[in-house]
Amino acid sequence: PTVWRTFADSPEPDLHTEGLAASLGLGEEAAVPDSGGPAPSPLSDCSFLSLLLIKTLCEDKLPAALQRYVSAHLGQQFTESPPSSLADIYHDSTPATPIIFILSQGADPTSSLSRFGETLGRTVGSRLHIISLGQGQGPI
């Protein structure tokens, strides 16, 4: 029906769950024994059950829905990377714990790493070694 089409076609399906519980026969509300008040719908916005539906029906929208779920239930600090500088990262490293960058497509820290190395008197190829093991760049 149209409720499911709206859910599946939405760019944020976890925020458009109204009517889904009723179409599944779950009922929109039930009394909470301890409080006497209504319980939230099992398919309320950002519920775990809505994440399962997204995983099943529109998996491409799952990462964003998971980020909203974690933010709503654990806090915003768990979904955002803290800002950091190369100087802070360098001071946390040791010869036994090197600095490793895990990058997304298009990201390239080489120039900023080279500039930072020069401030420490290390140039690329001499006491600063950059190894790239991206797709097609590792050992064969």
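1. Surface first: the protein chain exposes about 10300 Å², and carbon and sulfur atoms supply 58% of that. Accessible areas here come from the Shrake-Rupley method with a 1.4 Å probe, and for residues only the protein chains shown count as cover. Of the 140 residues in the chain, 21% are buried (buried means under 20% relative accessible area, exposed over 50%, partly exposed in between; 1.4 Å probe, protein chains only).

2. A word on what you're looking at: this is a predicted model, where local features need pLDDT of at least 70, side-chain atom pairs count only at pLDDT 80 or more, and totals for chains, interfaces and linings use all residues. Residues are numbered from 1 along each chain as its sequence is written, and side-chain values use heavy atoms, with hydrogens and water left out.

3. The protein chain has six helices and two strands, and the order along the sequence is α-α-α-α-α-α-β-β. Helices (H or I, at least four residues) and strands (E, at least two) are DSSP runs, numbered from the N terminus. Among contacts with a separation of 6 or more, 35% are between residues 24 or more positions apart (contact means heavy atoms within 4.5 Å).

4. Have a look at H3. Its buried residues are Ser50, Leu51, Leu53 and Ile54. They sit on the same side of H3, because they cover an arc of only 160 degrees around the axis (the arc is that of the directions from the helix axis to the C-beta atoms). An α-helix has 3.6 residues a turn, so residues three or four places apart point the same way. Exposed Phe48 and Thr56 are on the face of H3 turned away from the buried side. The cover over the buried residues of H3 includes H1, H2 and helix H4 (62–73).

5. Leucine 51 is worth a click. This residue of helix H3 (residues 48–57) is buried, at a relative accessible area of 4%. Beyond its neighbours within four places in sequence, leucine 51 is in contact with Leu62, Ala65, Leu66 and Tyr69. Its C-alpha atom is 9.0 Å from that of proline 13, a residue 38 residues apart along the chain.

6. Where does serine 10 sit? In the loop between helix H1 (2–9) and helix H2 (20–23). Serine 10 is buried too, with a relative accessible area of 5%. A polar atom of its side chain lies 3.1 Å from the backbone nitrogen of glutamate 12. Setting aside neighbours within four places in sequence, serine 10 is in contact with His16 and Lys61.

Notes:
A polar contact is a pair of N or O atoms within 3.5 Å; within protein, one must be able to donate a hydrogen and the other to accept it, and residues adjacent in sequence count only if both atoms are side-chain atoms.
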